[in-house]
Amino acid sequence: MGNDETVKEAALCDALEEAGVRGDLLHFLGYYKFTSKTHQDESSPEGLFKAARYALLVKDELQSWTEQSTWQRTWLTIPEALEEGFSKWHADGLTSTIKDD
């Protein structure tokens with residue numbers, strides 16, 4: 001995993017490209033593991049990666065964005081996010097809420 005600033009820049013870039021939102025990162029929420037068949041390489045032949053998650057204070061919501069044909073933006077209340085999002089995320093592989101470079 002790259003340095004902290006690079007990880008934060010990637011998170012902001014992903015939010016813009018995948019959800020069409022810009023804002024400020026507030027809190028580090030933890031890591032989760034995922035597999036990607038399209039990103040298998042010498043460093044990860046099985047395609048297993050670790051990604052960081054952050055809370056984002058959204059300040060700008062774009063009407064169109066780079067990957068809107070791939071991703072759907074959905075707004076949830078905090079209880080919905082906790083129940084539907086974070087519970088599933090935790091069950092599916094949250095590895096740590098402590099950064100362990």
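Predicted model: local features only at pLDDT ≥ 70, side-chain atom pairs only at ≥ 80, totals over all residues.
**Entry 1: the rings**

I'm calling a residue buried when its relative accessible area is under 20%. By that cut-off Tyr54 is buried, because its relative accessible area is 15%.

One joins Phe28 and Tyr31, edge-to-face, with 5.1 Å centre to centre and 65° between the planes. I checked Tyr31 for burial, and at 2% relative accessibility Tyr31 is buried. The other pair is Phe28 with Tyr54, also edge-to-face, at 5.5 Å centre to centre and 70° between the planes. This pair links distant parts of the chain: Phe28 is in strand β1 (residues 21-35), Tyr54 is in strand β2 (residues 48-61), and 26 residues separate them.

Putting the pairs together, I get a cluster of Phe28, Tyr31 and Tyr54 linked by ring pairs.

I then asked myself which charged end sits over the ring of Tyr31. It belongs to Lys50, and I read 4.3 Å from that charged end to the ring centre.

**Entry 2: the salt bridges**

Next I went after charges. Side chains of opposite charge can pair when their charged atoms come close. Searching the whole structure, I found three salt bridges.

I started with Arg22 and Asp60, whose closest N and O atoms are 2.9 Å apart in a salt bridge. Arg22 lies in strand β1 and Asp60 in strand β2, so this pair ties together parts that are 38 residues apart in sequence.

Then I looked at Lys59 and Asp24, where the side chains meet in a salt bridge at 2.5 Å, N to O. Again I see distant parts of the chain linked, with Lys59 in strand β2 and Asp24 in strand β1, 35 residues apart. I have Lys59 down as exposed, with a relative accessible area of 58%. Asp24 I have down as partly exposed, at a relative accessible area of 34%.

What does Glu61 form a salt bridge with? I found Arg73, with the closest N and O atoms 3.4 Å apart. Glu61 is in strand β2, while Arg73 is in the loop between β2 and α2 (78-91), so I wrote this down as a link between distant parts of the chain, 12 residues apart. Glu61 is partly exposed, with a relative accessible area of 38%.

**Entry 3: helix α1**

Last stop, the helix ahead of those strands in my list. Helix α1 covers residues 4-19, which is 16 residues. I checked its reach from first C-alpha to last and got 22 Å, close to the 22 Å expected at 1.5 Å a residue. What follows α1? I found Gly20 there, with a positive phi near 70°.

Inside helix α1 I picked out Ala10. Ala10 is partly exposed, at 38% relative accessibility. I also looked up how far Ala10 is from Ala52: they are 42 residues apart in sequence, and 9.5 Å apart in space, C-alpha to C-alpha.

Key
Residues numbered from 1 in each chain as written. Heavy atoms only, no water. Phe/Tyr/Trp six-rings, centres within 6.5 Å; stacked < 30°, edge-to-face > 60°. Buried < 20%, exposed > 50% of the residue type's maximum accessible area, 1.4 Å probe, protein only. Helix = DSSP H or I, 4+ residues; strand = E, 2+ residues; numbered from the N terminus. Lys NZ or Arg CZ within 6 Å of the ring centre and 35° of its normal. Salt bridge = Lys/Arg side-chain N within 4 Å of Asp/Glu carboxyl O. Expected span 1.5 Å × (residues − 1).
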